[in-house]
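Thanks for coming, everyone. Please have the model open on your screens.

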Amino acid sequence: MRHRLRPLLACALLCPAAAIAQAVALTGILGSKALLVVDGTPPRGMAPGDSHQGVKVVSVGRDDAVVDLGGVRRTVRLGEAPVSIGARGGSRRIVLTADSRGHFVNQGQINGQVMQFMVDTGATTVAIGQSDADRMGLNYRSGQPVRMGTANGVAQGWRLKLDSVRVGDVQVYGVDAVVMPQPMPYVLLGNNFLTEFQMSRVNDQMVLEKRH
């Protein structure tokens, strides 16, 4: 039986902070604390001077915060997509850590918009639920119609090309995808994305190293 890896992408980049970027998003302001999501981890309230996964809060404003990673400072703003900080020449390596169910969890981006991914080595391509595709404003109905098997039988789907797919600080451009005709809890990262990487797994960690 084909083994299927189903991460809810909580990708933690396990490299020196000065060399590898972290994706940081501001999801709220709680008094003097910024509610930050760092590389897909649960939101954490952080006051100026607090640090998490190498990311330090410098100041907190009404709708933004200044953060520091390895001497690199960036401003993150409420409601905007995560920003990458701390990179030196860009990262080519992602480390995924499995959760208690054997899944790997993290936020990522499609065409610059934040999504929740789930890696699936049993899927041939990136797959997006129709509701997520509508939310992102993808013009999938102008793509190639395809017939797809679902739990309720055969249904209409669409094939299209995404401008970019980003996980952590690694971005892949021109990625083929299919829009599924039903809602999905996560965007599946299939083999057409994974083949861009040299993949290895040790215990509960999967390492994706971008191919040259």
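**Sheets, hairpins and cores**

Let me start with a sheet of three strands. It is open, its order is E9-E18-E17, and the pairing is antiparallel. Which strands stand at the edges? They are E9, residues 93-97, and E17, residues 197-202. Each has a single partner strand, so one side of each is left without a neighbour in the sheet. From one strand to the next, the twist averages 15°.

Before I go on, a word on the source. This is a predicted model.

E17 and E18 run antiparallel, and six bridges join them. E18 covers residues 205-210.

Let me step back to the whole chain. There are two helices and 18 strands. The chain has 212 residues, and 46% of them count as buried.

Walk along it with me. E4 and E5 pair over two bridges, in the antiparallel sense. They form a hairpin with two residues between them. In that turn, Gln53 has a positive phi of about 50°. His52 stands opposite Val55 in E5.

Then comes E5 with E6. E5 is residues 55-60 and E6 is residues 64-69. They pair antiparallel over four bridges. The hairpin that joins E5 to E6 runs through three residues.

Strands of a sheet pair through backbone hydrogen bonds, either parallel or antiparallel. Another reminder: in a regular strand, the side chains alternate between the two faces of the sheet.

E2 is residues 33-38, and E3 is residues 44-46. The two pair in the antiparallel sense over three bridges. The bridge partner of Ala34 is Met46, in E3. Five residues lie between the strands, and Asp39 takes a positive phi near 50° in this hairpin.

Is His52 buried or exposed? Its relative accessibility is 13%, and the cut-off for buried is under 20%, so His52 counts as buried. What does His52 touch, beyond residues up to four places away in sequence? Val38, Thr41, Arg44 and Met46. With Arg44 there is a polar contact, side chain to side chain, at 3.3 Å.

On to the cores. The largest nonpolar core has 31 residues. Those with the most contacts inside it are Ile110, Val126, Ile128, Leu162 and Phe193. Apart from it lies another core, of twelve residues, among them Ala34, Val38, Val57 and Val76.

Val175 has 4% relative accessibility and counts as buried. Along the chain, Val175 and Val126 are 49 residues apart, yet their C-alpha atoms are separated by 7.9 Å. What else does Val175 contact, leaving aside neighbours within four places in sequence? Leu160, Lys161, Leu162, Val165 and Asn192.

Last item, the aromatics. How many aromatic pairs does a search of the whole structure find? Two. In the pair of Phe193 and Phe197, the ring centres are 5.2 Å apart and the planes are at 45°, so the pair is tilted. Both Phe193 and Phe197 are buried. Recall that Phe193 is among the residues with the most contacts inside the largest core.

That's the tour. I'll take questions now.

Terms used. Residues numbered from 1 in each chain as written. Predicted model: local features only at pLDDT ≥ 70, side-chain atom pairs only at ≥ 80, totals over all residues. Heavy atoms only, no water. Pairing = 2+ DSSP bridges. Axes fitted to C-alpha atoms, helices over the stretch in contact; angles between N-to-C directions. Buried < 20%, exposed > 50% of the residue type's maximum accessible area, 1.4 Å probe, protein only. Polar contact = N/O pair within 3.5 Å; in protein donor to acceptor, adjacent residues only side chain to side chain. Contact = heavy atoms within 4.5 Å. Core = buried A, V, L, I, M, F, W, Y, C linked by side-chain atoms within 4.5 Å. Phe/Tyr/Trp six-rings, centres within 6.5 Å; stacked < 30°, edge-to-face > 60°.
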